[in-house]
Amino acid sequence: MTVWRRELLGALERQRGDRSALFYALATVEGGSNAVPRVRYVVHRNFLGNTDCLLTTTDMRSEKGKQIGVAQRVPVELAWYISAERTQFRIRGQAFLVGAPDATAKDVVAPQTEGFWPESQNWSAERVHMWQSLSPAMQRSFLGPPPGMPMSSTGSEPNLENTTEPRGDNVSPNFAILVIEPSEVDQLDLSSFRRTIYTRESTGVWTQGEVVP
Ligand SMILES: Cc1cc2nc3c(=O)[nH]c(=O)nc-3n(C[C@H](O)[C@H](O)[C@H](O)COP(=O)(O)O)c2cc1C
């Protein structure tokens, strides 16, 4: 296991009673020539199997969903401060969404592996598995009006209680896994005042070096 992932998993394990330890701020870029940064919190769901890829979930129709998109990799950066550990992880890399399977395709549309996961990776099963791990209330949020839509144009007050009960195997087409493939990790430990940069070389091997905090 890569050193930074072991460090991060160790911190999460020690703080497993603190749900807020799972929140990180994810930055994306919006727009082409007039690019602007956008940032928001998301909740860390898991790593993809035994790989370094971070998984969270989102609504395809959200702004970040549109900024990231399916079947392409876009640059992202996240900042994750685990306060009880006094440690910050800044993770830079590429992201993409895994959405509903294409009607004509055998599996979901997902970029080729770049050495992060096995060729046999079953994204469809992973998506169903992540959907099933959501609470019914969270599942219902993917069945309502698009995020960001003015309440006045939704036609009615949202009443999540009355929305059709989602079924565990009936994944909303709006539901996506957001996959982050890290290429650089910057770990700052404020208790020891040490900062380590981990870099993924083109061979897939990680190197690391200590820098001035
Ligand atoms: C603690 C916390 C955790 C959140 N987790 C998620 C998440 O996992 N996925 C998600 O799409 N939005 C999550 N949100 C909501 C986003 O921060 C954001 O408000 C919403 O997704 C719309 O963002 P966008 O317009 O940039 O797409 C979370 C918000 C908070 C405060």
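**Ligand shell, core and strand pairing in the predicted model**

Of the 15 residues around the ligand, those that come nearest are Arg40, Thr58, Ser62, Glu63 and Lys64. Two or more residues of this shell are given by each of strand S2 (36-43), strand S4 (54-59) and helix H2 (63-68). The contribution of S2, at five residues, is the most that any element gives to the shell around the ligand. In terms of residue class, the shell comprises five nonpolar, five polar and five charged residues. The structure described here is a predicted model.

The protein contains four helices and nine strands. Along the sequence, these elements follow the pattern α-β-β-β-β-α-β-β-α-α-β-β-β. Of the 213 residues of the protein, 25% count as buried. Among contacts with a separation of 6 or more, 58% are between residues 24 or more positions apart.

In soluble globular proteins, nonpolar side chains tend to be buried together. In the present model, the largest nonpolar core has 31 residues, of which Ala95, Leu97, Ala176, Leu178, Val179 and Ile180 touch the most other members. At least two residues of this core are supplied by each of helix H1 (3-14), strand S1 (23-30), strand S5 (74-82), S6 and S7. Strand S7 gives the most to this core, with seven residues. With neighbours within four places in sequence left aside, leucine 178 is in contact with Thr56, Thr57, Thr58, Ile68, Ala95 and Leu97. Of these contacts of leucine 178, Thr58 is also one of the residues that come nearest the ligand, while Ala95 and Leu97 are listed with leucine 178 among the core residues that touch the most other members.

Strand pairing was examined for S1, S5 and S6. Strands S1 and S5 pair in the antiparallel sense over three bridges, and leucine 26 has leucine 78 of S5 as its bridge partner. Strands S5 and S6 also run antiparallel and are joined by nine bridges. Here isoleucine 82 is bridged to threonine 87 in S6. The two strands S5 and S6 form a hairpin with four residues between them, and arginine 86 in the turn has a positive phi of about 55°.

Glutamine 187 is located in strand S7 (residues 175-189). This residue counts as buried because 22 C-beta neighbours lie inside 10 Å, the threshold being 20 or more. The C-alpha atoms of glutamine 187 and tryptophan 4 are separated by 7.7 Å, although the two residues are 183 residues apart along the chain. Beyond its neighbours within four places in sequence, glutamine 187 is in contact with Trp4, Glu7, Thr87, Phe89, Arg195 and Thr196. One of these contacts of glutamine 187, Thr87, is the bridge partner of isoleucine 82.

Helix H3 (residues 123-132) has buried residues at Glu126, Arg127 and Trp131. Seen down the axis of H3, its buried residues fall within an arc of 135°, so they line one face of the helix. On the other side of H3, the residues Ala125, His129 and Gln132 are exposed. The cover over the buried residues of H3 includes strand S6 (87-98), helix H4 (136-141) and S7.

Notes:
Residues are numbered from 1 along each chain as its sequence is written. This is a predicted model: local features need pLDDT of at least 70, side-chain atom pairs count only at pLDDT 80 or more; totals for chains, interfaces and linings use all residues. A residue is buried if 20 or more other C-beta atoms lie within 10 Å of its own, exposed if 12 or fewer, and partly exposed in between; C-beta atoms are placed from the backbone. Two residues are in contact if their C-beta atoms, placed from the backbone, lie within 7 Å. The arc is that of the directions from the helix axis to the C-beta atoms. A residue is near a molecule or strand if its C-beta atom, placed from the backbone, lies within 6 Å of it. Ala, Val, Leu, Ile, Met, Phe, Trp, Tyr, Cys and Pro count as nonpolar, Asp, Glu, Lys and Arg as charged, and the others, Gly among them, as polar. A nonpolar core is a set of buried Ala, Val, Leu, Ile, Met, Phe, Trp, Tyr and Cys residues joined through C-beta atoms within 7 Å. Two strands pair if DSSP finds at least two bridges between them.
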